[in-house]
Amino acid sequence: MKLRAFVIGGGIAGLGTAYALLQKGHRVTLADYGHPGQSSWAGAGILCPLLPWDYDEAVNRLALGGMQAWPDWAAEIAHLSGSDPEYWACGMEVVAPKTPQPGLEWCRAHDFPAEAGAEGSIRLDGGGEMRDARLVASLRGAVAALGGKILPHCEITGLRFEGGKAVSVLSRQNEYTADAFVWAGGAWSGQRLGELAAVPNVRPVRGQMLLYAPGSHALEHIVYKDGLYLVPRRDGHLLAGSTGEDVGFDAGTTPETLQNLHESACNLLPELRAQRHLRSWAGLRPGSPDNIPTVDRHPDYENVWVNTGHFRYGVTMAPASSRLLAELMLGATPHIDPAPYSWQSGLGRHWQGANAC
């Protein structure tokens with residue numbers, strides 16, 4: 001029997017979930033409101049935890065699973081959509097970590113390709129990148145190619161319930177019925193959706209970014225140091241980012257912060273001192289304590305599910321977290337232990353500050 005699913009949220013988590021369900025032969029409608037500042041197009045597209053040895057194993061389980069799936073995932077959606085997300089297995093260099101040896105030991109224990117570099121740096125050969133905006137376009141095309149329906153600029157105001165189940169979602173113009181519903185609202189998931197309770201401990205965390213022109217650098221891999229990353233693009237552009245600011249839903253940039261980003265980028269790559277950035281912008285990440293997302297059934301309704309709170313690693317985790325949610329929705333055996341990503345686990349975590357990476 002084909003499931004009729006309705007996904008609320010047109011970012012990476014929502015599109016990834018829709019794609020995973022469509023691959024299994026189910027029917028999907030997705031509502032994309034298109035919030036300004038949505039991190040799905042605004043992020044750097046790094047496909048690797050910045051310092052994996054500093055994270056909880058629950059983060060790495062989804063992140064490493066996503067990284068392993070990414071080459072095939074990128075090829076599949078590019079083929080279906082005709083749009084290239086520009087996946088690039090370029091690797092990442094962590095410059096002068098405080099304790100390089102534990103990092104190298106972690107990499108060996110997890111079969112993560114890495115090697116020691118100059119002056120205590122670590123080269124993570126398993127890392128890569130893609131372009132967030134191109135990924136959104138590729139996933140939208142792949143969803144459409146598999147028969148999914150996308151409702152653009154569709155603001156969902158709530159759900160209608162009968163007997164402990166959701167029966168439809170309500171927009172300002174229409175009502176849509178389905179068998180199952182997925183709330184993948186990104187940074188907005190921590191707010192109530194009509195009568196639907198908010199996802200615990202999810203809140204917006206702003207990240208500001210700079211873009212430099214081709215010819216401004218000679219990097220061929222990502223570089224990370226003390227919270228700053230430089231990301232070369234295949235077309236020659238360079239990204240510098242990013243901040244972690246607890247400012248609510250303000251997706252604006254600030255001159256002082258952008259100047260500080262530029263100075264930090266120049267300290268890491270001196271040739272940038274002769275350059276001016278082309279563009280700047282900010283995105284709102286779906287922040288969560290310890291970067292651990294919630295991928296689970298909503299506790300109040302048997303046919304409402306959530307996939308959100310991926311914080312910095314929504315793109316890295318996307319193939320694995322979308323697969324996990326589809327398995328839970330369809331009653332299949334999960335490919336990883338879902339317990340760390342449960343609603344109850346999210347209730348038990350506490351914020352230690354928005355700037356935690």
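In helix 1, Ile-12, Ala-13, Gly-16, Thr-17, Ala-20 and Leu-21 meet Gly-314, Val-315, Ala-318, Ser-322, Arg-323, Leu-325, Ala-326, Met-329 and Leu-330 of helix 7, where contact denotes heavy atoms within 4.5 Å and helices (H or I, at least four residues) are DSSP runs numbered from the N terminus. The model is predicted, so that local features need pLDDT of at least 70 and side-chain atom pairs count only at pLDDT 80 or more, whereas totals for chains, interfaces and linings use all residues. Residues are numbered from 1 along each chain as its sequence is written, and side-chain values use heavy atoms, with hydrogens and water left out.

Helix 1 (residues 12–23) packs against helix 7 (residues 314–330) at an angle of about 45 degrees, the axes lying 8 Å apart; axes are lines fitted to C-alpha atoms, for helices over the stretch in contact, and angles run from 0 to 180 degrees between N-to-C directions. Helix 1 is therefore oblique to helix 7, given that angles under 35 degrees count as roughly parallel, over 145 as roughly antiparallel, 65 to 115 as roughly perpendicular and the rest as oblique. The crossing of helix 1 past helix 7 is right-handed, meaning that the near helix is turned clockwise from the far one by less than a right angle, with anticlockwise giving a left-handed crossing.

Helix 1 also packs with helix 5 (residues 132–145), their axes coming within 9 Å and crossing at roughly 30 degrees.

Beyond its neighbours within four places in sequence, Ile-46 is in contact with residues including Met-92, Ile-222, Tyr-229 and Val-231.

The structure holds 0 disulfides, a disulfide being a pair of cysteine sulfur atoms within 2.5 Å. The sulfur of Cys-48 lies 8.2 Å from the closest cysteine sulfur, in Cys-107, which is too far for a bond. Cys-48 is buried, with a relative accessible area of 1% (buried is under 20% relative accessible area, exposed over 50%, and partly exposed in between, with a 1.4 Å probe and protein chains only). Cys-154 is likewise buried, at 8%.

Definitions and conventions
Helix = DSSP H or I, 4+ residues; strand = E, 2+ residues; numbered from the N terminus.
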